[in-house]
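User: I am new to this structure and would like to learn how to read a few of its features. Please show it first.

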Amino acid sequence: MVNSKNQEYSDMCNEMNIDNISLSFVIVEKGNGINPNLFDTYSVNISNKSAFKEKLIGNIVDYIKWFSDKKCLAYDPLKHKDKTFEYLEGKYINEFPKFIISFGTNPVTNYKDKITDFDFYVLSIKDNSGKDIRIIRKMNGYKKVNECGTFARISGNKLTQIDDKVIGIDNSVDLIVYDGLIFILNYNSIKKLFNLKGSFQRQVTNILEPVKSSKVIDDYDKFERNIRSNERLMNRLISMKRKGISFDNPLSNRTDVQNTIKDFSLDVSYENGKIIFDESPDKESVLNLISDYYYRTTQHKRKGIVDE
């Protein structure tokens, strides 16, 4: 899996030839409050000056290619590993399709009035093969200056005000959307752009369906609600699933389950082959048990929990 995603990233990098790409610019205003899944996107025409376009994209291409030597791992909502970058399939994000098709639907007509509302900008690239590469970057500190400060320049020995509001475009990249994948170069930006919490809550039911069907948890509905309402446990569940943990046939060996509860001193009630969820204060241990996350080493018999 890792090798295939690294290959897709490398293929994308190879397609990014400055001489052949078609470039457009999109500004994103993200919804908040009761509408975190909504986006307003505004298209902006780019100057035809070749030197400007080359400067706009040149350093960014170099920045992106720098990641091609790093390992590309499946997105883990719990933690990020050093010297890696991650990917997340767009299909797992509820608002992703609408976000993509909204590009270019609203031309900017009141740029000066709206600039402090914008949250991200997107350099949208189309290569010779017709594939779209969307380079996403959050608005930087210029947004705050536009709102309550003043831009100025020094001309000779005189400080003068710049009347127009400006956007700062650097050579860094937060996210790249390519071929249905979101490559995450800045770990925190994926949460700022998309409502991952809402998307992941909807996945909980599907992931835990084998557990529900097995009827190994009494008060199952309460267990599922607990996972959905506890962001830390929900992220732990999503992390388990994306690492390939299977929830089929949970707690199938009663003797091993009883021994695990005893060996690890878990505050979990287990009777007649079922976890009594309402009488189990240690909610995280219930999740760890159904995913077989407790282990004992083969030589020194050391006990532990996966990923801890």
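Analyst: At 32% relative accessibility, D219 counts as partly exposed, because buried means under 20% relative accessible area, exposed over 50%, and partly exposed in between (1.4 Å probe, protein chains only). This is a predicted model, in which local features need pLDDT of at least 70, side-chain atom pairs count only at pLDDT 80 or more, and totals for chains, interfaces and linings use all residues. Residues are numbered from 1 along each chain as its sequence is written, and side-chain values use heavy atoms, with hydrogens and water left out.

User: Where is the place of D219?

Analyst: Helices (H or I, at least four residues) and strands (E, at least two) are DSSP runs, numbered from the N terminus. D219 lies in the loop between β12 (217–218) and α9 (220–229).

User: How do strands pair, and which strands pair with β11?

Analyst: Strands of a sheet pair through backbone hydrogen bonds, either parallel or antiparallel. Two strands count as paired if DSSP finds at least two bridges between them. Strand β4 (residues 84–89) pairs with β11 in the antiparallel sense over four bridges, and there L88 has I182 as its bridge partner. Strand β10 (residues 175–178) also pairs with β11 in the antiparallel sense over four bridges, with L175 opposite I184.

User: Which way do the residues of strand β11 point?

Analyst: In strand β11 (residues 181–184), L181 and F183 point one way and I182 and I184 the other way; all are buried.

User: In which sense do β12 and strand β14 pair?

Analyst: β12 and strand β14 (residues 274–276) pair in the parallel sense over two bridges, and D218 stands opposite I276 in β14.
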